[in-house]
Amino acid sequence: MPDRRSSSISSRKQPQQARSADLVAAVLQAAVQVLAKEGAPRFTMARVAEKAGVSVGSLYQYFPNKAAILFRLQSDEWRQTGDLLRSILEDGRRPPLERLRALVHAFIRSECDEAEVRVALDDAAPLYRDAPEAQEAKASGDGIVQVFMREALPKAPDATRELAGDLIMTTLSAVGKQFSETPRTPAEIEAYSGAMADMLCAYLSQLANEPASSSLAAKRS
């Protein structure tokens, strides 16, 4: 089953001309609208083609099936998340805790802004989550976090840094998803982000200032 999915989620071809690029862009924009309105269970190639104003045949020139379109949307989201991580966590002008706090605020805002499509993509994840392309896309973000953790916890064991990075990103993703499932006001987003940033920064600060505690955490992992 995983092999079949893996071989069918990549785009058939990349657009080489401006006209083709415009068609793919229109298809992806239509796909977002269909996904947000219909959800993953009712997402079909025919609905996307109709929304984009193109023939189903034109759609199949670039995407072999609906899983390929959904994976492209998910990949774009992962890439945006990676860019967000990189722009904030790699900013050496600010201390690590300040960067972490900025990341929490930016991440929660992003989750709320894109909640409708993100929830639908989560529902569609079984179509492509086992594919090599999916693993590679997610791994790139993990590498950014690992570099940041080495800077934030220079004296901690590797296992502790790996555990801390995984815990922070897993918590951020899970809590951000749950929080964004309900429409929120800017004030609510700011207050929630601030509280969550306080919690994660306190955790990272404790690891940085208590090597013994870090070692214990590493052994438990």
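These questions and answers walk through one predicted model.

The model is predicted, so local features need pLDDT of at least 70 and side-chain atom pairs count only at pLDDT 80 or more, while totals for chains, interfaces and linings use all residues. Residues are numbered from 1 along each chain as its sequence is written, and side-chain values use heavy atoms, with hydrogens and water left out.

User: How many helices does the protein chain have?
Analyst: Helices are DSSP runs of H or I with at least four residues, strands are E runs of at least two, and both are numbered from the N terminus. Read along the sequence, the pattern is α-α-α-α-α-α-α-α-α-α-α. There are zero strands, and the number of helices is 11.

User: What percentage of the 221 residues in the protein chain is buried?
Analyst: Buried means under 20% relative accessible area, exposed means over 50%, and partly exposed lies in between (1.4 Å probe, protein chains only). Of the 221 residues, the buried share is 40%.

User: Is His105 buried or exposed?
Analyst: His105 sits in helix H6. Beyond its neighbours within four places in sequence, it contacts Glu190, Ser193, Gly194 and Ala197; contact means heavy atoms within 4.5 Å. Its relative accessibility is 13%, so His105 counts as buried.

User: What separates the C-alpha atoms of Leu23 and Tyr62?
Analyst: Leu23 belongs to helix H2. It is partly exposed, because its relative accessible area is 23%. Not counting residues up to four places away in sequence, Leu23 touches Val54, Ser58 and Tyr62. Leu23 and Tyr62 are 39 residues apart along the chain, yet their C-alpha atoms are separated by 9.6 Å.

User: What is the volume of the largest cavity?
Analyst: On a 1 Å grid over the protein atoms alone, a cavity is a set of points where a 1.4 Å probe fits but cannot get out; a pocket is an open set with protein on both sides within 12 Å along at least five of seven lines; lining residues have an atom within 4 Å of a point. Grid points are joined across faces, edges and corners, and a volume is the space filled by probe spheres set on the points. The structure holds one cavity of 30 Å³ or more. The space in the largest cavity is about 40 Å³.

User: How many charged residues are in the lining of the largest cavity?
Analyst: Ala, Val, Leu, Ile, Met, Phe, Trp, Tyr, Cys and Pro count as nonpolar, Asp, Glu, Lys and Arg as charged, and the others, Gly among them, as polar. The lining includes Leu89, Phe148 and Gly165. Its classes are eight nonpolar, one polar and, for charged residues, none.

User: Which helix gives the most to the lining of the second largest pocket?
Analyst: This pocket has a volume of about 180 Å³. Helices H2 (18–38), H5 (66–89) and H7 (115–124) each supply at least two lining residues. With four residues, the one that gives the most is H5.

User: What is the angle between the planes of Phe71 and Trp78?
Analyst: Rings of Phe, Tyr and Trp (its six-membered ring) pair if their centres lie within 6.5 Å; planes under 30 degrees apart count as stacked, over 60 as edge-to-face and the rest as tilted. By this rule there are two aromatic pairs. Phe71 and Trp78 form an edge-to-face pair, 6.3 Å centre to centre, with an angle of 75°.
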